[in-house]
Amino acid sequence: MVIFYESTEVTGYRPCSTDVPAATAVPPVDEPLQAVQSRRADRSRGERLNSSISQIVIAVLGIGGTLAAAVITQRGADRARTRELEQTRQLQGEEREYAARQAQMEQRRTCYAALGAGTRDLANVMAIALHALEKGELTEELRSDLDRTRRDHRLRHAEAQMVLPDGAARAASTANRYLGDLYGLLMRLPARHGEGMEAARESLDKLWDPLWAMRHVMRVDLGITAPDQDQRQGEADRCQA
């Protein structure tokens, strides 16, 4: 029996065999799918992690912004309350200062009125006493009125010296000195009638200028009269005083 073999030199021929070399074996199909799924799972976890981190960051920023806004609002409110308290204290201080000035001015006004009235009363009684002396009609009653008026004026003058400002105090002292000079002349007139009567008249005439100067200073201090206004108001005003 003759056995024929095909030549192995035929181009492209490969022995038919079911054995496949290990180096050229096809990889299992499941391995690439697992890798893909693993990569997808890793990417999904990464995305979820990034999303969680983003949410945490956003939450932290939101909380921080809320706290910062609250702090800023609180500080603004504190500053507003501080300014309000300062304004309230300043207003209260101004009100107290104004009340003190008003009380001081009212005290001066009362003092000025009392001193002016006492000065006017004493000047009028001394003028009446001088006219009575000229006629020889000075009575004990008139002399008693003169002494009482003089005491009242001295008391008011002493009280005023504790209250009056320097300008008004100097004017009041000048007026008081003129009043005292005239009072002394009147007290000596009965014994030295001839040589003292003319001096008493001159003293009475000189008395009005310091009295009106005192009145002018007081009115200027109270804001009633302008500083440059004429101190003398005329003979009609003197008669009304």
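First, a term for the tour: buried means under 20% relative accessible area, exposed means over 50%, and partly exposed is in between (1.4 Å probe, protein chains only). This is a predicted model, where local features need pLDDT of at least 70 and side-chain atom pairs count only at pLDDT 80 or more, while totals for chains, interfaces and linings use all residues. Residues are numbered from 1 along each chain as its sequence is written, and side-chain values use heavy atoms, with hydrogens and water left out.

**Whole chain.** Colour by secondary structure: you get five helices and zero strands. Helices (H or I, at least four residues) and strands (E, at least two) are DSSP runs, numbered from the N terminus. Of the 241 residues, 22% count as buried.

Ile 53 is partly exposed at 42% relative accessibility.

Now pick Glu 106 and Arg 109, a salt bridge whose closest N and O atoms are 2.8 Å apart. That term means a side-chain nitrogen of Lys or Arg within 4 Å of a carboxyl oxygen of Asp or Glu. The two sit three residues apart in helix H1, so about one helical turn separates them.

**Helix H2.** Which salt-bridge partner of Arg 148 has its closest atoms 3.7 Å away? Asp 152 does, four residues along helix H2 and about one helical turn off. Asp 152 is partly exposed, at 34%. Arg 148 also bridges to Asp 145, at 3.8 Å between the closest N and O atoms.

**A charge over a ring.** Show Arg 150 and Tyr 183: the Arg lies over the ring face, 5.3 Å from its centre. The rule is NZ of Lys or CZ of Arg within 6 Å of the ring centre and within 35 degrees of the ring normal.

**Last stop.** Select Glu 134, Glu 198 and Arg 201, which are linked in a network of salt bridges. Glu 198 belongs to helix H4 (residues 193-221).
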